[in-house]
Amino acid sequence: MLSHLTEKPLASWRGKDRHEGRILDTLTVIFRSGGCSWNRCRMCGYRHERYQDLAGAELAERIIRQVRWVKENFSDDDYQLVKVFTSGSFFDAGEVPPIARDAVAEAFRGKALIVETRPEYVEADGVREFREEIDTGMHAVPLTIAMGLETTDDLIREKCIDKGFTYADFLRAAETAHAAGAGVKAYLLMKPPFLTEREARDDMIRSIRDLAPLVESISMNLCTVQSRTEVERLWREHAYRPPYLWSVLDVLIQSPVHVFCDPVGGGQMRGPHNCGACDSPIVKGIADYSLNNDAGLLRALAEMECGCKEEWEFVLEQEEPYCMPLTR
C-alpha cells in the first residue's frame, strides 16, 4: 500500500511559455527518477540526479511522493501548462514505472503537458493511453512529446554528444507520436563540444530548417558547462567555450519558424556569453523573443554596438577544429 508521504522534486518553478500561439502560465517540474537508461551524453549533469538501486514499487512510491509535493505546493489555478522532466525518459518504464505515470496523469488532468523522452520509448499505445488520461477537452493538443534530438546531423550527434540514436529514430518516434494524437517538440543543442563557433552556428541553422515542417515546436538549448560532465573537463582544459550570444541571435534571425530559446546561464563563463558588457540586454531580449515572437527585437539586438562583436566575427572566420577555441 502506498504511503501518503511527500518528497520534494529536484526542481520546480512557475513561469510563462508560448504554447499553441498563446502565452500560458507554466509549471515546470524535474522529478528525480530511476535514471536515464543511456546515461552517456557528454553535456548532461542529470546523470548524477537519480535514485540509486531502486526499482519497481519502491521507485514508483518515491516518484508519487514528489507528485504529491507538487500538488500541495502549487495551486491548480495558477498554471495551464506543465513541463515534465526526469533524469532521462518519462516513457521508460524502468525509469518511471507505469503506476507513477498514472499518478502524473491524474494530478495534471485537464492541463496541457509536455513530457520529455528518448525516441526508443515512444510507442503508440503508451502515448495514446497517457494522452487520453489527461485529456478533458480543454486543449486542442493536450500532450506534446519532447525529444532531445540536439541536431539533425547524425555524425555530430554521435561524435560530439554521444546521444545513442539516429535522426531516423527520431523521425519514427515523431510519426508514432503524431499518429497517437500527440504533438512533437524537438530540442536542439547549440554548440556541443568539438565544434567551432562557425560549425555550431551553421549546424543549428541547418537543423532548424530540416525540422520546421516536421514538428510543432523547436527549442534551442544553449550548451552550458554542468558539473561533473565531460564538457566541464574540456572547459577546464581550455578546450571548450560555450556559444557566443551573437551566434544565438544570428541563428534565431535566420530561422524560418519561431524557435524557443531560454538562455540559461547567459552572461556567465559557464553559459552562453559575449564580453560581459553587452550580455544582459541580449539575454533578456532572447527570453522576451521566446514569448512574444518579435523578430524585430532580435534584429535590434544584433545591431547593437559592442567591441566584442568584432572578436566574434574574427572567431567565426578564423577558428579551426585543430586550434579551437580561440577565446574563453
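Residues are called buried under 20% relative accessible area, exposed over 50%, and partly exposed in between (1.4 Å probe, protein chains only). The model is predicted: local features need pLDDT of at least 70, side-chain atom pairs count only at pLDDT 80 or more, and totals for chains, interfaces and linings use all residues. Residues are numbered from 1 along each chain as its sequence is written, and side-chain values use heavy atoms, with hydrogens and water left out.

**Figure 1. Threonine 6 in the segment before S1**. Threonine 6 is partly exposed, because its relative accessible area is 34%. Between threonine 6 and leucine 326 there are 49 Å in space, C-alpha to C-alpha, and the two are 320 residues apart in sequence.

**Figure 2. The salt bridge between aspartate 78 and arginine 14**. A salt bridge is counted where a side-chain nitrogen of Lys or Arg lies within 4 Å of a carboxyl oxygen of Asp or Glu. Side chains of opposite charge can pair when their charged atoms come close. In the pair of aspartate 78 and arginine 14, the closest N and O atoms are 3.8 Å apart. This pair links distant parts of the chain, 64 residues apart: aspartate 78 belongs to the loop between H1 and S3, and arginine 14 to strand S1 (residues 11-19). Aspartate 78 is partly exposed at a relative accessible area of 31%, and arginine 14 is partly exposed at 45%. By the rule stated above, the count comes to 25 salt bridges.

**Figure 3. Lysine 284 and aspartate 288 in helix H9**. The side chains of these two residues, lysine 284 and aspartate 288, meet in a salt bridge with an N to O distance of 2.8 Å. Because they are four residues apart in helix H9 (residues 279-292), about one helical turn separates them. Lysine 284 is exposed, with 53% relative accessible area, whereas aspartate 288 counts as partly exposed at 26%.

**Figure 4. The salt bridge of lysine 159 with glutamate 158**. The N to O distance in this pair of lysine 159 and glutamate 158 is 3.7 Å. Lysine 159 is partly exposed, with a relative accessible area of 48%. Glutamate 158 also counts as partly exposed, at 48% relative accessibility.

**Figure 5. A negative surface patch of Asp102, Glu106, Glu129 and Glu132**. Patches are made of residues with over 30% relative accessible area and no salt bridge; like charges are joined within 9 Å, and nonpolar side chains (Val, Leu, Ile, Met, Phe, Trp, Tyr) within 5 Å. At least two residues of the negative patch come from each of helix H2 (98-107) and helix H3 (124-134). Glutamate 129 has its place in helix H3.

**Figure 6. Positive phi values at aspartate 53** **and aspartate 162**. Aspartate 53 is a residue other than glycine, yet its phi is positive and near 60°. It is placed in the loop between strand S2 (22-30) and helix H1 (56-73). With a relative accessible area of 79%, aspartate 53 is exposed. Aspartate 162, which is not a glycine either, has a positive phi of about 60°. The loop between helix H4 (154-161) and helix H5 (167-179) holds aspartate 162. Aspartate 162 is buried, with a relative accessible area of 15%.

**Figure 7. Helix H6 and its buried residues**. Helix H6 (residues 197-211) has 15 residues. From its first C-alpha to its last, H6 reaches 21 Å, close to the 21 Å expected at 1.5 Å a residue; the expected span is 1.5 Å times one less than the number of residues. The buried residues of H6 are Glu197, Ala200, Arg201, Asp203, Met204, Ile205, Ser207, Ile208 and Leu211.

Figure 8. Lysine 83 and glycine 126 are 18 Å apart in space, C-alpha to C-alpha, and 43 residues apart in sequence. The C-alpha atoms of valine 259 and leucine 188 are 10.0 Å apart, with the two residues 71 apart in sequence.

Conventions: Accessible areas come from the Shrake-Rupley method with a 1.4 Å probe; for residues, only the protein chains shown count as cover. Lys and Arg count as positive and Asp and Glu as negative; His and the chain ends are not counted. The place of a charge is taken as NZ of Lys, CZ of Arg, CG of Asp or CD of Glu.
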